[in-house]
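Let's take a friendly walk through a few places in this model. Have a look at the sequence and structure first.

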Amino acid sequence: MARDVDHRSAAYYEDKLAVLRDLWGTPAVSLERGCLVVRGRRYPIVDDVIVLLEPSQYPPRLAQRLQDSEGPRAAPDAGFAPDIQYTFGEEWSAFPDILPEHEREFQLYFDLIDLGALRAWRVCDLGCGIGRWSLFLSRLCREIVLVDFSDAIFVARRNLAAASNALFFMGDLTKLEFRYGFADLVVCLGVLHHLPTPALTEVRSLRRWSRRLLVYLYYALDNRPVYFRWLLGLVGGMRAVLSRLVRNPGTRGALTWLLAGGLYLPLIGLGGLLRPVGWSRHVPLYETYAGKGLVRIRQDVYDRFFTRIEQRYAKRDILTLADAFSTLIVSEHSPYWHFYCEQ
C-alpha cells in the first residue's frame with residue numbers, strides 16, 4: 001500500500017459506520033488503517049476523503065500522495081475526462097473560499113425545495129466542488145454526502161470542517177457503487193453539462209440514487225435576445241482555444257483578471273447605467289453578475305473559458321424529462337433554468 005501514511009486516517013468515520021453501511025446497502029463495511037473496506041475492496045481515506053476512483057483516474061497530486069508499487073496504471077476509460085478533472089481541481093484551488101454571494105445564490109437555487117423538510121433527509125451533493133452549497137445544506141439536513149472527482153473535494157473538506165454530519169468522497173458520479181435510493185435528495189448544480197455524455201441522459205440516470213433531484217444545467221439563452229446567443233458563440237470559440245492551449249495556472253489566473261476587467265465589468269457597468277430606463281436586461285452578463293464581487297466574477301470567468309466541455313439546454317429540452325418523472329418543475333427565476341424532478 002502507500003508509503004506515505006501520515007495523512008491516512010479512518011478516525012473521522014468511526015462513528016459513521018452505520019451510515020456507510022447504509023450507503024452501500026451491505027453490513028460488509030469496515031475500517032482499517034487509512035482505508036474503508038467494502039465487501040473486501042479497499043478504498044483509501046486521505047484527509048477524511050474516501051477515494052472511490054480507480055488508480056488510473058487519480059489526479060496527479062493524489063497519485064503522488066498515494067505512491068504505490070503496483071506498476072503502471074491502465075488508461076482511464078473513454079467516458080472519463082481528465083482535462084475536466086484537472087480544470088476543476090485547479091479552479092477550486094485558485095478560488096477556495098465560500099463567499100457571501102454563494103449564500104445568496106443558494107437561496108436562488110433552492111427556491112423549489114422545502115428547506116424545512118431537509119431536517120429528516122440525507123442529501124447528496126454530486127459534483128460538490130468546494131462545498132459552496134453543501135456548507136449551507138449541512139446546517140439544514142440530517143446528513144450530507146459530498147462527491148467530486150477532482151482535488152476540489154479536499155477543499156470542500158476544509159470548508160466543512162465544522163460539519164460532523166458530512167461524508168466526503170472522491171468519485172465519478174456516473175459510476176458510484178452506492179445502493180439505489182441511498183439519498184432523500186440529490187443536488188447536482190452546474191455539473192452535468194461539463195461531462196462528455198449528454199446531460200439529460202445523465203439526469204435520467206440520477207434516478208438510481210434518489211426519487212428527488214434538484215439540477216442546474218447551463219441554459220441556451222432561449223429567453224434572451226438573439227445577439228446574446230451570437231456573443232455566446234464567440235465566447236464558445238474562445239473557450240475552445242483557451243481550454244486547449246492555456247494550461248499554466250499562472251497564465252489562466254492572469255487571463256481571468258484580463259477578461260473580468262476587460263469584458264465582464266464594462267458590461268456590468270453598462271447595465272447599471274441603463275437600469276434606470278429599464279434597459280439593463282438587454283445587456284449581457286448584467287442580470288447574473290450585478291452586485292457580485294470581483295473574486296466571484298473571476299471564478300466564473302475561469303469556469304467559462306477554461307472548461308472544454310459546455311453543453312447548453314433550452315427550457316423545451318428540459319421539459320422532455322417529463323417522460324421520466326411524475327413531477328417536473330422548472331423555475332421561472334434566475335439561475336435559468338434550474339429544475340426539480342420527483343418520481
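Is Arg304 buried or exposed? Arg304 is buried, with a relative accessible area of 14%; buried means under 20%, exposed over 50% and partly exposed in between, with a 1.4 Å probe and protein chains only.

This is a predicted model, in which local features need pLDDT of at least 70 and side-chain atom pairs count only at pLDDT 80 or more, while totals for chains, interfaces and linings use all residues. Residues are numbered from 1 along each chain as its sequence is written, and side-chain values use heavy atoms, leaving out hydrogens and water.

Here are two residues side by side.

Helices (H or I, at least four residues) and strands (E, at least two) are DSSP runs, numbered from the N terminus.

Beyond its neighbours within four places in sequence, Arg304 is in contact (heavy atoms within 4.5 Å) with Tyr218, Val235, Arg239, Tyr264, Glu310 and Arg312. With Glu310, the side chain of Arg304 makes a polar contact of 3.3 Å.

Val226 belongs to a nonpolar surface patch with Tyr227, Trp230, Leu231 and Leu234, and together they have about 520 Å² of accessible area.

Now to helix α6: six of its eight residues (152-159) are buried, so α6 is largely enclosed by the rest of the structure. The buried residues are Ala152, Ile153, Phe154, Val155, Ala156 and Arg157. They pack against strands β3, β4, β6 and β7 and helices α2 and α3.

Methods. Patches are made of residues with over 30% relative accessible area and no salt bridge: like charges are joined within 9 Å, nonpolar side chains (Val, Leu, Ile, Met, Phe, Trp, Tyr) within 5 Å. Accessible areas come from the Shrake-Rupley method with a 1.4 Å probe; for residues, only the protein chains shown count as cover. A salt bridge is a side-chain nitrogen of Lys or Arg within 4 Å of a carboxyl oxygen of Asp or Glu. A polar contact is a pair of N or O atoms within 3.5 Å; within protein, one must be able to donate a hydrogen and the other to accept it, and residues adjacent in sequence count only if both atoms are side-chain atoms.
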